[in-house]
Amino acid sequence: MALFSKVNKKIGSGSDIEGADSRKGFYWVEDQKGDNVMWRLPRNVMWNDNVLVREDEYGIFFRDGKALAVFDRPDRYALTTQNIPVLKDIAGTVLGNVQIGEFFWVQKREFRDKFGTSQPLAFRDVDFGVVQLRIFGQFSYKVTEPLQLITEFVGTKGLTKSEEIVEWLKGQIVAVLNDTLGELKAKKQMGVLDMPAYLQEIEQLCLAKLTRETEVYGLKIMKFAGLNINMPEEVQEAINKRGAMSALGVNYIQYQSGKAIEGIGTGAAQGGGEGSGFAMMGAGMGAGVGMGNMMAQGMAGMAAGQPAPFGGQQSPAAQQPQTPAGAAVPQINCAKCGTAAPVGTKFCPECGAPMAPPATGRCANCGAALLPGAKFCPECGTKVGSPKCPACGIDVPAGTKFCPECGQKL
């Protein structure tokens, strides 16, 4: 009888009648309840045994793999046909102190607990590829149908311990959470960077799904909140770098070069050996030259209205030699529409007509510009070339009134 004395803390049960084999009273010791959802009396109850059910408890009689009776009001109950009518079927076959079944207690109060993913959840992101996510949160639950709870977990699954039920419940939460993330990604194209904005929606969707999943087991999820989604360190670092580059207006190579220079300065400030000082100086000069080149390219690209793309490489147009500031650019006019264009332009940017090469001389009659190879002035029609003396035939300079050879008036 020592096993079922007044209070047996080892098994969490108590008996208020010692030395009475035919009539024992059992109850769930208050100090042993804690966060246990349910507790099974570690022996079979016998005919006419008494069980005590308190205000915050359910009592369930279990036999042959089924929960047969629920005691939901606080009282002391004798395990007889009066309290358990189904025992009438076996009353005629039992004699003396016969074991008739098992007895469970279930707490009515709401329980609070935490959950977390034991293994990272794989999430395929558009920007970062497959990302391993760890998710943590809080939830609360309570038993609403004790008969279903004992039937499903004890009778069907064979789970008789409270911690086994809680572990099953946490597994369901992780499965539902994984399904919800996949649903939001498919329907709303949610990415890793969007998850903070979707936390409330994720919690609501998970709560609705968990309610449907657990109600058939006699449980109800009362609250699902406090989600904390942790990304791998390398992904978080990439996100931080992207934010820094966006704020500074630089590309990746420029950002890394700046960090390298900053690190060199920090190392020099902390001191080091002579060799390391020269090495850092050389590295600093190399990084400084590279940074200067990139900054110059970036400024040139900004001046041209086209910033340098990722990696600091410029387009072929940006790599063309630039005319020094303040220098006059030689220009010619289109012969058709008169639009000015730089020397060397082959077609007019306004009308598309071929651009004539620059003039090589002027008309002796009207002074108009003459194009290379022109035989007549395009302005007055005068024949191009040095005039000849009609008497002796020698070439005379333009504007000459008398032939310098024979004196013939020209």
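## Terms for helix packing

Angles between axes under 35 degrees count as roughly parallel, over 145 as roughly antiparallel, 65 to 115 as roughly perpendicular, and the rest as oblique. The axes are lines fitted to C-alpha atoms, for helices over the stretch in contact, and the angles run from 0 to 180 degrees between N-to-C directions.

## The model and the chain

This is a predicted model, in which local features need pLDDT of at least 70 and side-chain atom pairs count only at pLDDT 80 or more, while totals for chains, interfaces and linings use all residues. Residues are numbered from 1 along each chain as its sequence is written, and side-chain values use heavy atoms, with hydrogens and water left out.

The chain contains 7 helices and 18 strands; helices (H or I, at least four residues) and strands (E, at least two) are DSSP runs, numbered from the N terminus. Of its 410 residues, 32% count as buried. Buried means under 20% relative accessible area, exposed over 50%, and partly exposed in between (1.4 Å probe, protein chains only). Among contacts (heavy atoms within 4.5 Å) between residues at least 6 apart in sequence, 54% join residues at least 24 apart.

## Helix H3

Helix H3 covers residues 162–188. The expected span of a helix is 1.5 Å times one less than its number of residues. For the 27 residues of H3 this gives 39 Å, and the end C-alpha atoms are 39 Å apart, which agrees. The buried residues of H3 include Trp-168, Leu-169, Ile-173, Val-176, Leu-177 and Leu-184.

Lys-185 also belongs to H3, and its relative accessibility of 31% makes it partly exposed. Apart from residues up to four places away in sequence, Lys-185 touches Phe-123, Arg-124 and Met-190. Phe-123 is 62 residues from Lys-185 along the chain, yet their C-alpha atoms are separated by 9.2 Å.

## Packing of H3 and H4

Two packed helices are described by the angle between their axes and the distance between the axes. H3 packs with helix H4 (residues 195–214) at an angle of about 130°, and the axes are 9 Å apart. The two helices are therefore oblique to each other.

On the H3 side, residues making the contact include Leu-169, Ile-173, Val-176 and Leu-184; on the H4 side, they include Tyr-198, Ile-202, Leu-205 and Cys-206. The residues of this contact divide into 12 nonpolar, 3 polar and 6 charged. Here Ala, Val, Leu, Ile, Met, Phe, Trp, Tyr, Cys and Pro count as nonpolar, Asp, Glu, Lys and Arg as charged, and the others, Gly among them, as polar.

## Two residues with positive phi

Most residues other than glycine have a negative phi. Gln-189, which follows H3, has a positive phi near 55°. Gln-189 lies in the loop between H3 and H4 and is exposed, with a relative accessible area of 58%.

Asp-64 is not a glycine either, and its phi is positive, about 55°. This residue is found in the loop between strand E7 (57–63) and strand E8 (66–71). Asp-64 counts as exposed, at 64% relative accessibility.

Val-235 is placed in helix H5 (residues 233–248). With a relative accessible area of 9%, Val-235 is buried. Leaving aside neighbours within four places in sequence, Val-235 is in contact with Phe-128 and Val-131. Val-235 and Phe-128 stand 107 residues apart along the chain, and their C-alpha atoms are separated by 7.4 Å.
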